[in-house]
Amino acid sequence: MLSISLELILIMALCLSLATIMQTLSGFGFGLLVVASFTLLDVLPLTATTFLVSLLGLVNSTTVVVKNRSSVKVPELKLMLYTGIPLMLIGFILLEYMSSHLTQFLNFILGISILLCCGLMLIGRERANKQSSSSSFLIAGGVSGLLGGLFSTSGPPLVFQCYKQAWSIEAIRSTLLAVFTIGGLVRVGIALFGTLPELDIMFLIAAAIPLVLLVTQFARKLTPYVDAKWIRIIAIALLGLSGVSLVATSAPGIF
């Protein structure tokens with residue numbers, strides 16, 4: 001018998017729907033918004049939340065990548081994965097340890113990470129005239145992998161790095177989605193050896209997949225009527241408030 005309250009189901013559905021709409025209309029924010037809102041509202045344990053985000057992200061990106069694989073920048077993809085996958089494993093090990101022994105510190109790091117990601121999103125991304133160095137792709141992949149292992153939020157460093165390149169928009173999106181898909185597969189695979197969600201939570205996660213797909217379709221119909229710039233501002237503002245709240249509520253337990 002499932003031990004899930006109706007209130008929990010409604011809060012979870014609301015947070016997922018809001019994050020999906022923001023992601024669809026602005027192109028970013030799903031993982032960060034879900035992890036931040038679930039942690040602040042104590043919806044699920046962080047290990048279960050990150051598993052949910054990895055799985056849903058994988059479902060969303062796989063189909064698109066298969067259709068657009070010819071546009072992927074393979075050499076740069078490999079560079080980002082060379083550092084991203086090992087550091088994702090390290091991040092996951094840190095998550096497993098801190099979620100059991102250092103919960104307040106983990107929430108504090110999450111808050112700081114969200115604020116840093118917001119700062120990264122606010123920095124103007126001017127296209128470079130030439131390709132960035134290999135080391136910059138390795139660094140972006142490593143930071144992304146660490147955040148992916150810890151919080152399943154690997155996007156901002158990669159988005160910042162790829163949008164600086166003199167690539168076509170299709171190449172940028174396809175390469176990013178390829179990294180997210182491979183990273184998602186690795187993240188879900190690693191999670192199978194860690195703290196898995198309980199059976200009732202797994203049912204909730206399974207039910208979340210069709211919800212996110214339906215809300216995505218609904219949000220796509222809103223795209224022509226909504227200014228993406230304002231959605232981006234709202235998403236960054238929500239993330240910033242979440243980051244400040246996480247830091248403020250967890251800091252007294254650390255310092």
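These legends describe close-up views of a predicted model. Local features need pLDDT of at least 70, side-chain atom pairs count only at pLDDT 80 or more, and totals for chains, interfaces and linings use all residues. Residues are numbered from 1 along each chain as its sequence is written, and side-chain values use heavy atoms, with hydrogens and water left out.

**View A. T39 in helix α2.** T39 belongs to α2, residues 30–40 (helices are DSSP runs of H or I, at least four residues, numbered from the N terminus). T39 is buried, at a relative accessible area of 16% (buried means under 20%, with a 1.4 Å probe and protein chains only). Beyond its neighbours within four places in sequence, T39 is in contact with L46, N107, L110 and L246 (contact means heavy atoms within 4.5 Å).

**View B. The second largest pocket.** T39, L46 and N107 are among the residues that line this pocket. A pocket is an open set of points on a 1 Å grid over the protein atoms alone, where a 1.4 Å probe fits, with protein on both sides within 12 Å along at least five of seven lines; lining residues have an atom within 4 Å of a point. The elements giving two or more residues to the lining are α2, α3 (46–67), α4 (74–101) and α5 (103–122). The largest share, 3 residues, comes from α5.

**View C. Two annotated spans.** The unreviewed UniProt entry lists residues 79–99 and 136–155 among its "transmembrane region" features; such annotations may be inferred rather than shown by experiment. Residues 79–99 are 100% helix, and their end C-alpha atoms lie 30 Å apart. Residues 136–155 are 85% helix, with end C-alpha atoms 15 Å apart.

Definitions and conventions:
Buried < 20%, exposed > 50% of the residue type's maximum accessible area, 1.4 Å probe, protein only.
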